[in-house]
Amino acid sequence: MTAPHSPVYQEYYTRTPFQLFSGVGWKRLVAFRADELGVTLGGPVTRYRRFTVVVPWRDIEAVVVWATKKTMERPIRRIGLKLRQGVSDVPGPGSTISPQLAASVAPHIEYQVIRNNRVIVFWKLDHTRLSAAVQAFAPHVQLRVHPVHRLRPGQGGEPGYGGGPGYGSGGSIFDIMP
């Protein structure tokens, strides 16, 4: 636990019954942490141990916060790291995304940041505390916060706009069956 006025910034995932069944138990899982060692990116609950990683401040050029939003949906918020040249990408769900898919879902964000990101789900980001932690531990690291980027129809695989068969695409699985 951190002291009341400590610059350490830490957020935990909200506990859900799914956590019990995923094999990690009922303990509090760190979703994100910024401290004197660097930034901890917690893995998704289903693969928490495999994808949780601590990235030292010396390897980080920027911490980037952004969100994308399709029509009539809630924004999908993310936090990612721009790593210094020569530093390997961190393990995580975004590490296998193609440059084309990354450009279609977040054209305003650098490809490397998308590869090194986490979705902000089951936890909330406090921008003020994050800013204070970055200033205290790594004033040389940039903190970039982008406004919500609205995806236009046809971007981000939105149904009904050139996608494959499925809901809203104008086609169905039955169109391709004999």
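A residue counts as buried when its relative accessible area is under 20%, and as exposed when that area is over 50%. This cut-off matters for the aromatic residues described below. The model itself is predicted.

Start with the whole chain. The chain has 178 residues, and 39% of them count as buried. Its secondary structure comes to 5 helices and 8 strands. From the N terminus on, the elements run β-α-β-β-α-β-β-β-α-α-β-α-β. Contacts can also be sorted by separation along the chain. Among those with a separation of 6 or more, 58% join residues 24 or more positions apart.

Four strands form an open sheet in the order 1-2-3-4, and their pairing is antiparallel. Strand 1 (9–12) and strand 4 (53–56) are the edge strands, each pairing on one side only. From one strand to the next, the twist averages 10°. Strand 3, residues 38–41, pairs with strand 4 in the antiparallel sense over 4 bridges. L41 has V53 of strand 4 as its bridge partner. A helix also packs on this sheet: helix 5, residues 127–137. Helix 5 touches strand 1 and strand 2 (30–34). The direction of helix 5 makes about 140° with that of strand 1.

Next, the aromatic rings. A pair of aromatic rings is described by two quantities, the distance of the centres and the angle of the planes. The count here comes to 3 aromatic pairs. One of them joins Y9 and F32, with 6.0 Å centre to centre and 50° between the planes. That pair is tilted. Y9 sits in strand 1 and F32 in strand 2, 23 residues apart, and the pair links distant parts of the chain. Are these two residues, Y9 and F32, buried or exposed? Both Y9 and F32 are buried.

F32 has a further partner. The ring centres of F32 and W123 are 6.0 Å apart and their planes lie at 5°, so this pair is stacked. The cut-off explains the label, because planes under 30 degrees apart count as stacked. F32 is in strand 2, whereas W123 is in the loop between strand 7 (117–119) and helix 5, so the pair ties together parts 91 residues apart in sequence. Why does F32 count as buried? Its relative accessible area is 0%, and the limit is under 20%. W123 has a relative accessible area of 6%, so W123 is buried as well. Together, Y9, F32 and W123 form one aromatic cluster.

Another ring carries a charged neighbour. R28 lies over the face of Y12. The distance from the ring centre is 3.7 Å.

Finally, look at T96. Where is T96 placed? T96 belongs to the loop between strand 6 (76–83) and helix 3 (99–105). Its relative accessibility is 70%, so T96 counts as exposed. The cut-off for that label is over 50%. R115 is 19 residues from T96 along the chain, and the C-alpha atoms of the two are separated by 7.2 Å.

How values were computed: Residues are numbered from 1 along each chain as its sequence is written. This is a predicted model: local features need pLDDT of at least 70, side-chain atom pairs count only at pLDDT 80 or more; totals for chains, interfaces and linings use all residues. Side-chain values use heavy atoms; hydrogens and water are left out. Two strands pair if DSSP finds at least two bridges between them. Helices (H or I, at least four residues) and strands (E, at least two) are DSSP runs, numbered from the N terminus. Axes are lines fitted to C-alpha atoms, for helices over the stretch in contact, and angles run from 0 to 180 degrees between N-to-C directions. Contact means heavy atoms within 4.5 Å. Buried means under 20% relative accessible area, exposed over 50%, partly exposed in between (1.4 Å probe, protein chains only). Rings of Phe, Tyr and Trp (its six-membered ring) pair if their centres lie within 6.5 Å; planes under 30 degrees apart count as stacked, over 60 as edge-to-face and the rest as tilted. A charge sits over a ring if NZ of Lys or CZ of Arg is within 6 Å of the ring centre and within 35 degrees of the ring normal.
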